[in-house]
Structures are given as structure tokens and as C-alpha cells.
Amino acid sequence: MTITRRLRTARGLLAGFAATSAAHLGAIATGATVLQHATKPALMPLLAAHTLARSPRAPKLLAPALVLSAGGDVALQLDSDTAFLAGMGSFAAAHVCYVTMFVRQGALDDRRRSLLVAAAYGAAWATMISQLWPDLGDLKAPVAVYSLLLASTAVTSAGRGWRTGVGGALFLLSDSLIATRIAGWKQLPGHGLLIMSTYIAAQYLLASGTLAALESDGPDPAEKPADGYTAGRAAVRLSAPA
């Protein structure tokens, strides 16, 4: 596949992701349950396909993180405790992929900054768990473990740029809203819409921010392009959609 064709494919997939996201959020707002269930499983696979088409340098763990998230999306649509735990497990695996990917890319190299960010998110995690704990019932342990992985994604994503950092923060917000629902707390107006809009934005920012950070890092030292090709590829990257 030529570079031009690959970028066209990437743009088409991104447009598909945007359209599917809009349809899904609209379905939540209007109560169109069938459309919600039809569009949700397609969101993360479209985003994963976009990342693979956009950059041949996309980290190997990025697409699995998005596909595992899709598995969680599907499981959480099923109305059973077993499906809920399976969905949480799938998302936990996605967070392991994200954390591993960001650490390998040097997200924790600035130790002083990383400690400050970890302290801030650690305080937020402790506050959230302490407030939710009495109302979580049998889900206390799973939620505590999962939320630690979620906070770890937020911490490590902050070390790869503002996009991934905001994405990690929004992911934490989205899942915290889900946790309040599990605990039986009073829901905000448009609670479901807020959960999904922050989740979709979080995943997009994590994915696009990861690719943007790689581009800003410069060419892979292992790559040895022919003369004149490096400048052309840099121009293509600058013209690629964010």
C-alpha cells in the first residue's frame, strides 16, 4: 500500500469512527437502545484500524489495548454480573497494555514529575475508593484492583504529552462515573451520555496522542530510509490528521 493510499484509508477510518461515535452518543441522548447496542462494539475497532493505517510505527500494544476495550464494551452491554466482571477484566487487560506501552516509551523517565503526578492521582484514587467502598458490596476487591490499573494508565499517559495525559484523565473520570452507578449513588442528568462522551474522547486522545508523541520523537533509529525519502516521509507525517 502506498503512503498516499494508506493515509486516505486512515482518514476514512477516522471519519467512520467519528460518525459512529456521533450516532452512538445521539442514540444515548434519544434513548434509541437498538442503535446504542449496534454502534458501541464498532467504536474501538474503527479507532484501532485507524491507528494501524495511519502509522506503520504504531506501538504493538496500542491496537490490542483498543480491541480489549471493545471486548469490555460488548460485555458491559450484557445484563449479568458475570458479563460485568468479564468486561472489567477485559478493560483491566487494556490498561495493562497502555501502562506497559507508555513505560516502554519513557513515560516515567522524568522521575520527579512522575512522582508528583502519581501522588496526585494516588490521592484521587484513595478519596474515590474510600467514598465508594461502603456501597460496592461484593465488587469491592475487583473495583479496587481495576481502579489501580486505571489510575496507573492516567499516571503513565501523562508522561507522553498533553493529549495522552488528558486522555488518561478522562478515562479515569468516565470509569469513576460508572463506579458511582455501581454504588447506587444518585445519577447526574445525562449520566450515561457523560460516561460515553468522556470515554470516547479518552480513547481517541490516548491513541492519537501516542502517535503524535512518536512523530515528535523523530524517526526510528532502526529505520534507514533511502536518500531523499526521510524529508518526504516527514512532510507526510505533518500532513497527517491529528
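What is the mean pLDDT of the chain, and what share of its residues reach 70 or more? This is a predicted model, with a mean pLDDT of 89 and 89% of residues at 70 or more.

**Confidence**

- Residues 221–242 are the stretch to handle with care, as their pLDDT is below 50.
- In the model, this stretch still has 22 contacts beyond near neighbours in sequence.
- Where pLDDT is low, the predicted coordinates should not be read in detail.

**The largest pocket**

- If you are looking for open space, the largest pocket has a volume of about 630 Å³.
- Its lining is made up of 26 residues, and K40, L76, Q77, I178 and R181 are the closest to the pocket centre.
- Two or more lining residues come from each of α1 (3–30), α2 (33–54), α3 (62–76), α4 (81–104), α7 (162–182) and α8 (191–217).
- Helix α7 is the top contributor to this pocket lining, with six residues.
- By residue class, the pocket lining holds 13 nonpolar, seven polar and six charged residues.

**The enclosed cavity**

- Rolling a probe the size of a water molecule over the atoms shows where empty space is left.
- At a threshold of 30 Å³ or more, the structure holds one cavity.
- The volume of the largest cavity is about 200 Å³.
- Its lining has 17 residues, with M88, Y146, D175, I178 and I182 nearest the cavity centre.
- Helices α4, α5, α6 and α7 each give at least two residues to the cavity lining, and α7 has the largest share, with five.
- The cavity lining splits into 13 nonpolar, three polar and one charged.

**The nonpolar core**

- The largest nonpolar core has 46 residues, and M44, L66, Y98 and F171 touch the most other members.
- Two or more core residues come from each of α1, α2, α3, α4, α5 (111–132), α6 (140–157), α7 and α8.
- Helix α4 supplies the largest share of this core, eight residues.
- Setting aside residues up to four places away in sequence, L66 touches M44, L47, A48, T51, Y98, Q203 and A207.

- T156 sits in helix α6 and is buried because its relative accessibility is 5%, under the 20% limit.
- Beyond four places in sequence, T156 touches V99, F102, V103, A107 and L108.
- T156 and M101 are 55 residues apart in sequence, with a C-alpha to C-alpha separation of 9.1 Å.
- S114 belongs to helix α5 and is also buried, with a relative accessible area of 13%.
- Its contacts beyond four places in sequence are A107, L108 and V155.
- G159 is in the loop between α6 and α7, and its 28% relative accessibility makes it partly exposed, because that value lies between the 20% and 50% limits.
- Leaving out neighbours within four places in sequence, G159 is in contact with A107 and R113.
- G159 and D110 are 49 residues apart in sequence but 7.9 Å apart in space, C-alpha to C-alpha.

Note on methods. Residues are numbered from 1 along each chain as its sequence is written. This is a predicted model: local features need pLDDT of at least 70, side-chain atom pairs count only at pLDDT 80 or more; totals for chains, interfaces and linings use all residues. Side-chain values use heavy atoms; hydrogens and water are left out. On a 1 Å grid over the protein atoms alone, a cavity is a set of points where a 1.4 Å probe fits but cannot get out, and a pocket is an open set with protein on both sides within 12 Å along at least five of seven lines; lining residues have an atom within 4 Å of a point. Grid points are joined across faces, edges and corners, and a volume is the space filled by probe spheres set on the points. Helices (H or I, at least four residues) and strands (E, at least two) are DSSP runs, numbered from the N terminus. Ala, Val, Leu, Ile, Met, Phe, Trp, Tyr, Cys and Pro count as nonpolar, Asp, Glu, Lys and Arg as charged, and the others, Gly among them, as polar. A nonpolar core is a set of buried Ala, Val, Leu, Ile, Met, Phe, Trp, Tyr and Cys residues joined through side-chain atoms within 4.5 Å. Buried means under 20% relative accessible area, exposed over 50%, partly exposed in between (1.4 Å probe, protein chains only). Contact means heavy atoms within 4.5 Å. pLDDT is the predictor's confidence in each residue, from 0 to 100.
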